[in-house]
Amino acid sequence: MGFMPGMADLVFLQTFQPGMKTCPVCFVELKLQKGKLSRQQKAWKQICRDRNYPYHVVRTSDTGQAIEIIGNLVKKWQEKKTTSSPQS
């Protein structure tokens, strides 16, 4: 059970800085290969998309692989801090 129904399993935050060009929050939902998003999770995913918040679903049953995938997602997200256009 998470923080609230539908909210992603993991939430990553960056310290907001003036001139920051990326969203200071990133959401990651963990699922097994055949796992499906619940109705509440789909609604949360849509809320994130409507606000241009990064939202990713990581599908794997291998913990090591999940850590690697999440690490790569977070690294790419942090790199956008200086290379992407401002988000509303």
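Student: How many disulfides does the count come to here?
Tutor: This is a predicted model, where local features need pLDDT of at least 70, side-chain atom pairs count only at pLDDT 80 or more, and totals for chains, interfaces and linings use all residues. Residues are numbered from 1 along each chain as its sequence is written, and side-chain values use heavy atoms, with hydrogens and water left out. A disulfide is a pair of cysteine sulfur atoms within 2.5 Å. By that rule, the count is zero.

Student: Is Cys 26 buried or exposed?
Tutor: Buried means under 20% relative accessible area, exposed over 50%, and partly exposed in between (1.4 Å probe, protein chains only). Cys 48 has a relative accessible area of 1%, so Cys 48 is buried. Cys 26 sits at 0% relative accessibility, so Cys 26 counts as buried.

Student: What pattern does the protein follow along the sequence?
Tutor: Helices (H or I, at least four residues) and strands (E, at least two) are DSSP runs, numbered from the N terminus. The protein has two helices and three strands. Read along the sequence, they go β-β-α-β-α.

Student: Which element has the highest mean pLDDT?
Tutor: pLDDT is the predictor's confidence in each residue, from 0 to 100, and the protein averages 82. Helix 2 (residues 63-83) has the lowest mean among the elements, at 80. The highest, 94, goes to helix 1 (residues 39-50).

Student: What share of the 88 residues is buried?
Tutor: The accessible surface of the protein is about 6400 Å² (Shrake-Rupley method, 1.4 Å probe; for residues, only the protein chains shown count as cover). Carbon and sulfur atoms account for 54% of that surface. Of the 88 residues, the buried share is 31%.
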